Amino acid sequence: MADVSKILLAIEPHARPAIIAGLANAFLDCINRADLATQLRQGHFLAQCAHESDGFQTTVEYASGRAYEGRRDLGNEEPGDGVRYKGRGLIQLTGRANYRSFGAMLGLNLESDPARAATFPAAALVAAAYWRARRINDYADHDSIEGVTRKVNGGLNGLASRKAYLARAKHALADLKGALTARAAEETAKAKAKAKSAAASMTAGAATTAAAPVAPDHVQLGALVILGHLGDHRQEGGAVTAPFLITGSLRRSPAGDAR
């Protein structure tokens, strides 16, 4: 997931390598779980994760968690629950009740093993599950950083930092979309040139109609997040040279079938 890592480092150049690698590897799963189907949703998600993790520096809250002791609204009813279930993950999951419910969503027993929420891929997937459960995309779709922040934080703490991360995320995602679009256009041009060369070399009478352009022997547009509408690049004859949405590595055999 080299392309995702580039986006994350553009958002926070001083991020910890282990967190960059963990989030990059889990990001496609996050997209599916949180329905991050647009650049705008992805940008807001990554910006909030960046702020909540102190610039991708930690997946564990710095405070001891004692402040959450006895917080029945968080499900902390047993002595020591405040410390045991303090904030973990990229969006700082907090409280016994949340560890229980979001762990169940992921098929993980985080209530019995709360430390797991700070390790990848759980640290990223917990954030994605929380994002979807709280319907945060409703605010991301309107580009409301205040609305998104309130759903994540409960208030507007660190709003300036979140805005700065969002601006960087939008810029990085747009740059990568442009690079992929250019790469797709280049592959299309290569396919057309190959088809033209094949047609020119045909022996007289071998075919009565021109051969349809063929797709490249191998097209790999890079492992990447969904970046919205990149265009439906089609050649004459119907051969597709670039997908409508790029969500991973797309390989095509000489016959044009996606694998």
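## Exercise 1: Surface and fold

Task: find how much accessible surface the protein has, and which elements build the chain.

Solution. Start with the surface: the accessible area of the protein is about 12400 Å², and carbon and sulfur atoms hold 53% of it (Shrake-Rupley method, 1.4 Å probe). Finally, look inside: 46% of the 259 residues are buried (under 20% relative accessible area, 1.4 Å probe, protein chains only).

A note on the source: this is a predicted model, where local features need pLDDT of at least 70, side-chain atom pairs count only at pLDDT 80 or more, and totals for chains, interfaces and linings use all residues. Residues are numbered from 1 along each chain as its sequence is written, and side-chain values use heavy atoms, without hydrogens and water.

## Exercise 2: Helix α8

Task: which residues of helix α8 are buried, and what follows the helix?

Solution. Helix α8 covers residues 145-153, and its buried residues are Ile145, Gly147, Val148, Thr149 and Val152.

## Exercise 3: Lining by domain

Task: from which domains does the lining of the largest pocket draw at least three residues each?

Solution. They are domain 1 (1-57 + 124-189) and domain 2 (60-118), with bounds from an automatic or database domain assignment.

Technical notes: Buried means under 20% relative accessible area, exposed over 50%, partly exposed in between (1.4 Å probe, protein chains only). Helices (H or I, at least four residues) and strands (E, at least two) are DSSP runs, numbered from the N terminus.
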